[in-house]
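Q: I would like to learn how to read a model of this kind feature by feature, beginning with the aromatic side chains. Could you take me through it, giving the general idea before each case?

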4 protein chains.
Amino acid sequence: MTSLQKIKPRSNRRDKEAMHTHQAGRPIRLTVWNEGEHEVLDESVRAIYPDGMHSVIANGIKRQLGGAVEVRIALLDQAEHGLTEEVLDNTDVLTWWGHRSHDKVDGRIVERVHDRVLGGMGLVVLHSGHASKIFTRMMGTSGNLIWRNDGERELVWSVNPNHPIAHGVPNPLIIERQEMYGEPFGIPEPDELVFISSFDGGEVFRSGCVFHRGNGRIFYFSPGDQEYPVYHHPDVQRVLANAVQWATSPGRSEEHRHCPTYPRNWFLENPSAVRPASAGAVTD
Amino acid sequence: MTSLQKIKPRSNRRDKEAMHTHQAGRPIRLTVWNEGEHEVLDESVRAIYPDGMHSVIANGIKRQLGGAVEVRIALLDQAEHGLTEEVLDNTDVLTWWGHRSHDKVDGRIVERVHDRVLGGMGLVVLHSGHASKIFTRMMGTSGNLIWRNDGERELVWSVNPNHPIAHGVPNPLIIERQEMYGEPFGIPEPDELVFISSFDGGEVFRSGCVFHRGNGRIFYFSPGDQEYPVYHHPDVQRVLANAVQWATSPGRSEEHRHCPTYPRNWFLENPSAVRPASAGAVTD
Amino acid sequence: MTSLQKIKPRSNRRDKEAMHTHQAGRPIRLTVWNEGEHEVLDESVRAIYPDGMHSVIANGIKRQLGGAVEVRIALLDQAEHGLTEEVLDNTDVLTWWGHRSHDKVDGRIVERVHDRVLGGMGLVVLHSGHASKIFTRMMGTSGNLIWRNDGERELVWSVNPNHPIAHGVPNPLIIERQEMYGEPFGIPEPDELVFISSFDGGEVFRSGCVFHRGNGRIFYFSPGDQEYPVYHHPDVQRVLANAVQWATSPGRSEEHRHCPTYPRNWFLENPSAVRPASAGAVTD
Amino acid sequence: MTSLQKIKPRSNRRDKEAMHTHQAGRPIRLTVWNEGEHEVLDESVRAIYPDGMHSVIANGIKRQLGGAVEVRIALLDQAEHGLTEEVLDNTDVLTWWGHRSHDKVDGRIVERVHDRVLGGMGLVVLHSGHASKIFTRMMGTSGNLIWRNDGERELVWSVNPNHPIAHGVPNPLIIERQEMYGEPFGIPEPDELVFISSFDGGEVFRSGCVFHRGNGRIFYFSPGDQEYPVYHHPDVQRVLANAVQWATSPGRSEEHRHCPTYPRNWFLENPSAVRPASAGAVTD
């Protein structure tokens, strides 16, 4: 670029308050998102989750975290899938369960959630969410895997037992009956690998994976098929609660939206200096 | 899933030949993609790159690799941006330079390239390609950064001097005049960090970043603004040639497209065993 | 092994209380270790740090963390370098500054500290500590770098601005005069890269690096030469305080000392089951 | 430092020839190291490996690589454990198998091998080598794990099927009977995770791990207990051969031994400029 663009003013000193809102002791604002179709369509699923998987997930986390969390439910069939700008403005961490209707999720909502995660909202993707639009959008990969539904025992091993998400979780965590998910799993190498599962049939799977994207923390956790009562399992609830706490960022930012230009020495402290203001457009 | 899906037959034994096609001594099939607008619109750019940046990039790599590479050019204004299925069928590595017209790139072509990279095609993204659709699609992040066009000296330091991409490259590589790109850079943590640059103004940038996605190898290299003769620099050409060699995968695969189901013990060698065949749909 | 060894009993259920001692609100127990020779021998250093670098480091962290931290000082010339078993029993995080007398540090104390870090004690290694016995022992690499003492301005850029260690730290953090440390830096690829510095002379350095080893969290931070008042800098103090908080593990463990053998199905919950007991020797 | 030290002359331009010695077509010089005690002491092991495990390992690799490799054997009970300076001068990659006598390995030889790995020699650590002096020295961690010798089937799954070490290897690789190694495994997070194993008993293990240390490439591969004929397995031999090829560095360096100081602008090309010479001591 040969002409200076208008850029957004920016200080090199972060607003400490803005970056530490949670330290004030406010509860984590959790939104539990659910596709919510299996519970309606499949009697076998309804028997396990009569009030929807979201209820069991939400209550399980509340049981673990008590007043440290406030939970909201959002569902596919709500307006904007329950994920309005206002809801997301008031969401610190979003959990995502979807399976049979990934393609019904509006691409605009996906982009909205994606933007929020880059800005610092936590995202916990569950089980068949490996193939959801939001997960594959965040990863840039297929999210594919091999699978078999044969009611196998899954052993969830921690390879990183001191990770906050593994705290208080037995090693191994034992799930009596589950769908098998196996490698290769189409993800980028996780920034931190927390859990690896094995199944009766001998397959293995990276079942607990941490990813950092922008200011957002993402955790993928594979146990949780709709045909088994996995989210009733206290140790699974513990993992979810740990993940929600861990994924809570101390602050939010919109920096990822901008590609600003700065003159030389812009970072020298001189608050009265006039800096060109930007519309944040990508104009490098 | 309670009923078995039709799945694609699969052996657990990879086809060794298919995975080692390059070992046979065939040249690397390189496609150099260029937006190609600045060279037409801006006299200052035309003065540096009268035959287009793609020519200098292509010739620089050929100078380094000789008969070990065959180069094809593809341009934004060609049909399908020059990236037809047939071209991609015959491309081992694709380099990408774009800047002012990222939004003119057809989303279907982006998805096509994305699919090929996951399948094993190498991708070398250059300079302002940090904001291209294909790069942000692969990364899942913004690709944003801070910048300034002030003709500063860029020093490109190798923090991983034994990486194949750094071989034969001076440390530091010195570029007399360049646009400044600065942190924070909106990317996932690179799988391998090869280069870090500093600029006269004091900013730093992760200027050489390796990412593995699916079977594909991706390298982002930031030097190369259109207003400076960066791609004429022999050491920069060396980096590009190294990157092209490094990004060449020994094989290609379509595995990332599928999410197959297998019965227990599918992996036991018994070629005559009948396995359910799959359409590859995501039906876990 | 064909005969079963005696092994230590082990439950697969972690002791939740033991893993969350800090949640109880107890202050972090910090031990600030200093070689403490420059302040005695060099008048120029004494002028900057009349009570020793350790005092300024300790007070700076206390200023940031208040009652959330309790600080103890340990010095090279004390018995066992001030790092007795009892002191380490009561240390959550250890900071390390040494330079001219790395070789005076007793190898047995190095092994003791190493063992504690693997067990969960945090370690913050400062500046010339890059060549200390404890740092190179933890890393397995040389810790070497290039350097120049020429009073250059160092700009410390965050490439991971939402990392807890970067919270509230200006980007860039500006240090008016410092020794230059430059790449290549002989470390393993950091598990998380937080800061990259540039210097007036153009060199760059990975100046803030996170490593996970066993249950321990390690942070290396390069600013802090004895000839400049770096530890008086409020933003540097903020980094140190953040690092101390971040490096505090919720629990401690001795698991890393053992290589136990277990019979099949040892993990099935049956507290009364007799398991073979082990001396923890490496007898696989 | 306030006075300039004598430093070693250094060019910022690498010697391309020195960095590409292998491209000249010379065979890889492999040294296979073996403790060699079980084969003498245990009849059951002798029955499987009458000429020592090293013979089967060496021949297996030769079978895969043919004239592309030259193999030398080194044994614990030889002078300097067969690892003289001259042998290491002529070794591109070293494989390491030890188990019952790790403590007999002379610390000076360990340091010698460590130094060579940092300088660019490849290292492939096998099975019980997880607890060897050289592996734990390179890692900085315990190398500990859980284990059970019960003749279980091990399935070795590739989670990174396009990694050079996984080429041509079935996924899963099936080993009918093996000792179990289980998590948690006391290693740093691998730079690349290639294989994860499961066992009949349900345990999992990160069985194929890549680490970069200095200029050296390290691969740890866990299958291979002395009581089972694992190294006779053609697919295991394929993994070893791939690892040896992958671990071969194009060049060697002694840079990791030095911590030199340079004046400002040392990197500007001026071959006749007099630079201070260094003894390479750590004097930053």
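Q: Which residues do ring pairs link into a cluster in chain A?
A: As a general idea, a pair of aromatic rings is described by the distance of the centres and the angle of the planes. In this model, which is predicted, ring pairs join Phe135(A), Tyr181(A), Phe185(A), Phe205(A), Phe211(A) and Tyr220(A) into a cluster. Over all chains, the structure holds 52 aromatic pairs.

Q: What is the geometry of the pair between Tyr262(D) and Trp266(D), and why does Trp266(D) count as buried?
A: Tyr262(D) and Trp266(D) are also an aromatic pair of the stacked kind, with 4.5 Å from centre to centre and 25° between the planes. Trp266(D) counts as buried because its relative accessibility is 3%, where the cut-off for burial is under 20%. Tyr262(D) is buried as well, its relative accessible area being 1%.

Q: What can I say about chain A as a whole, for instance how much of it is buried?
A: Chain A has 284 residues, and 68% of them count as buried. Its secondary structure consists of eight helices and nine strands. A further reading comes from the contacts between residues at least 6 apart in sequence, of which 73% join residues at least 24 apart. The accessible surface of chain A is about 9600 Å², with 49% of that area belonging to carbon and sulfur atoms.

Q: How do I read a sheet, and what is the order of the strands in chain C?
A: In general, strands of a sheet pair through backbone hydrogen bonds, either parallel or antiparallel. The sheet of chain C is open and has nine strands in the order β2-β1-β3-β4-β9-β8-β7-β5-β6, with mixed pairing. Because β2 (69-75) and β6 (173-182) of chain C each have a single partner strand, they stand at the edges, and one side of each is left without a neighbour in the sheet. On average, neighbouring strands of this sheet are turned by 25° against each other, direction ignored.

Q: In which sense do β7 and β8 of chain C pair, and which helices pack on the sheet?
A: Strand β7 (residues 192-199) and strand β8 (residues 204-213) of chain C are antiparallel, paired over five bridges. One of the residues to look at is Glu192(C), whose bridge partner in β8(C) is Val210(C). Helix α5 (residues 107-119) of chain C packs on the sheet and touches β3 (93-97), β4 (122-126), β8 and β9 (216-221), its direction making about 115° with that of β9(C). Helix α7 (residues 234-247) of chain C packs on the sheet too, touching β1 (28-34), β3, β4, β6, β7, β8 and β9, and its direction makes about 165° with that of β9(C).

Q: Where can I find a parallel pairing in chain B?
A: Look at strand β3 (residues 93-97) and strand β4 (residues 122-126) of chain B, which run parallel and are joined by four bridges. Within this pairing, Thr95(B) has Val124(B) as its bridge partner in β4(B). Helix α4 (residues 53-65) of chain B packs on the sheet, where it touches β1 (28-34), β2, β3 and β4, and its direction makes about 170° with that of β2(B).

Technical notes. Residues are numbered from 1 along each chain as its sequence is written. Chains are lettered from A and ligands numbered from 1 in the order in which they are written. This is a predicted model: local features need pLDDT of at least 70, side-chain atom pairs count only at pLDDT 80 or more; totals for chains, interfaces and linings use all residues. Side-chain values use heavy atoms; hydrogens and water are left out. Two strands pair if DSSP finds at least two bridges between them. Helices (H or I, at least four residues) and strands (E, at least two) are DSSP runs, numbered from the N terminus. Axes are lines fitted to C-alpha atoms, for helices over the stretch in contact, and angles run from 0 to 180 degrees between N-to-C directions. Contact means heavy atoms within 4.5 Å. Rings of Phe, Tyr and Trp (its six-membered ring) pair if their centres lie within 6.5 Å; planes under 30 degrees apart count as stacked, over 60 as edge-to-face and the rest as tilted. Buried means under 20% relative accessible area, exposed over 50%, partly exposed in between (1.4 Å probe, protein chains only). Accessible areas come from the Shrake-Rupley method with a 1.4 Å probe; for residues, only the protein chains shown count as cover.
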